[in-house]
Amino acid sequence: MVKIKIDGVEFDVDEKKNLIDAAKDVGVEIPYFCYHPALSVVGMCRMCLIEIEGVPRLQAACNTPVKEGMGIITKSDRVKEARAGTMEFLLANHPLDCPVCDKAGECRLQDNAFGSGTGHSRFEFEKRNVPQEEIGTNLIINHNRCIVCYRCVRFEEEKVGVSNLGLFERGNHSLIGLANNEPIDHNYQGALADICPVGALLNHKTLFKSRVWWYKSHSSVCHGCSTGCNVTTNVRDNKMYRYMVKEDHEKGMFFLCDKGRFDLDWMNENRLFTYMESGHASTSVSVIPKITSILHKAKGIAILGGAHESNERLARIKTQISELSSSLKGVSVQMETRVTDAQYKDTEQVDFLLTKDAHPNTRGAVDLGLTTQAGLKGIEAEVLAGKVDVVFVIKEEIPSSLLGKATIVLLDTNHSNFVNSASFVIPIQIFAEEAGTFTNKTGLKQSFEQSMEAPKGLPSSADFFEKLVSALSVKEEVLLGNG
């Protein structure tokens, strides 16, 4: 830590940070467009100009490291005039289409225009008008809104490792465009739109879906893989609309891949709300007693999956496993949360964020001891040998080798092809309908808030096992003549 003065007030700041981040840590906002803490510094926008005591010219805060004893001025007339001039040039060609722009409400250009602009324009000529283009499988560029901050180009080159985008022409004709004729098709088109400080880059999948001020937002963790990116959920009318990045400097989390960002439709559509038996709709009053009756005759029980569930739900299920075995007079009950090859291996990256393990809580399940020595193949072998004849599957595909060989009870959130294959189907809540924690690939346990309200009466996976154990206890009392 070093001591610096900001507008005459002395602060202790982190010497490893530049002035923008150091000032933000102590509550002083320096406006900017092109700067991003996870990308290289280019100083293109000239919005973050400040005065440094002893230096005659204004300096860009993004390119200025913190030094012991330095003094900076962020609110002088000279600084305000420079920022107002920058805003005037940026707005010269920018269309006044905020009412129809998807970025409205979270646009840095709007914020800086109100904070540093003059409130009126002296530009009397015709604004530049360049047609909108589709530059990706899920990406549109509105050239008229672009302020050439170069964030998108840097992100692709420095993080994704490709160079699809480039800066072309000069002066008033400058624009960001494709460097070749192929549309962008990588896993970070959502991130490109996200880091754009204005509404120049947009995604088809979220275009014109909702105004940002209509959302209810909550802190959460992405469910797409074992990386566990921090996100802010945007919910409206109890439907999940968006995942947005929740930046965390300490954890180095600044971006989100498309697989996690756009895999949201299943939370809103095709949800499973009905208990089923042999592919036909039923009720809990009918299904649970039949399952308990089968359990009383079971030779062995296995539970597969669960790595999509929170640590808290898994801990409750673990408690019920011993209760279940006790209620059935010592029948073996084993749980294996690893059902894919990637869950058995050390973390394998698909790209700089996405991993091959599509489960958000494999590490948490392993840490809780919800695994078996022989793994999934061992359970399959026991089923084929007749040692296990009841298998519960929690939000996973049913292994084809088990179909017809055991009583399959599927706990799932959505309708799928496996609903008709299972002996019984139990509808359960999604993770976002309850608060909890996931443990990511590095062992970091992260909390997420409840983002959506679960339909009344819909149990979580842990609720179901608790109901099952309770039903078994009642059945046992009846058998003993204490009912």
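**Aromatic pairs, ring charges and local backbone features**

Phe255 is buried, with a relative accessible area of 6% (buried means under 20% relative accessible area, exposed over 50% and partly exposed in between, with a 1.4 Å probe and protein chains only). The structure is a predicted model, in which local features need pLDDT of at least 70 and side-chain atom pairs count only at pLDDT 80 or more, while totals for chains, interfaces and linings use all residues. Residues are numbered from 1 along each chain as its sequence is written, and side-chain values use heavy atoms, with hydrogens and water left out.

Phe155 is likewise buried, at 0% relative accessibility. A search of the whole structure returns 15 aromatic pairs (rings of Phe, Tyr and Trp, the last by its six-membered ring, with centres within 6.5 Å; planes under 30 degrees apart are stacked, over 60 edge-to-face and the rest tilted). Phe155 and Phe255 make up a tilted pair, with 4.8 Å from centre to centre and 50° between the planes. Phe155 belongs to helix 4 (residues 151-160) and Phe255 to the loop between strand 13 (239-245) and helix 6 (258-261), so this pair ties together parts that lie 100 residues apart in sequence. Helices (H or I, at least four residues) and strands (E, at least two) are DSSP runs, numbered from the N terminus.

An edge-to-face arrangement is found for Phe431 and Phe448, because their planes meet at 85°, with the ring centres 5.4 Å apart. Here too the pair links distant parts of the chain, 17 residues apart: Phe431 sits in the loop between strand 20 (424-427) and strand 21 (436-439), and Phe448 in strand 22 (residues 445-448). Both Phe431 and Phe448 are buried. Returning to Phe155 and Phe255, ring pairs join these two with Tyr188, Phe254 and Phe352 into a cluster.

Charged groups also meet aromatic rings. The charged end of Arg108 sits over the ring of Tyr32, 4.3 Å from its centre (NZ of Lys or CZ of Arg within 6 Å of the ring centre and within 35 degrees of the ring normal). For Lys395, the charged end sits over the ring of Trp266, at 4.4 Å from the ring centre. Lys395 is located in the loop between strand 18 (390-394) and strand 19 (407-412), and is buried, with a relative accessible area of 18%. Although not a glycine, Lys395 has a positive phi of about 50°.

A positive phi, near 60°, is also found at Lys329, which follows helix 9. Lys329 occupies the loop between helix 9 (311-327) and strand 17 (332-336) and is exposed, with a relative accessible area of 72%. Helix 9 itself has 17 residues and spans 24 Å from its first C-alpha to its last, close to the 24 Å expected at 1.5 Å a residue (1.5 Å times one less than the number of residues). Buried residues of helix 9 include Leu314, Ile317, Ile321 and Leu324. In general, residues three or four places apart point the same way, because an α-helix has 3.6 residues a turn.

Finally, Asn230 is placed in strand 12 (residues 230-236) and is buried at 8% relative accessibility. The Asn230 side chain makes a polar contact of 2.7 Å with the side chain of Gln446 (N or O atoms within 3.5 Å; within protein, one must be able to donate a hydrogen and the other to accept it, and residues adjacent in sequence count only if both atoms are side-chain atoms). Neighbours within four places in sequence aside, the contacts of Asn230 include Ser220, Met244, Asp248, Met253 and Gln446 (heavy atoms within 4.5 Å).
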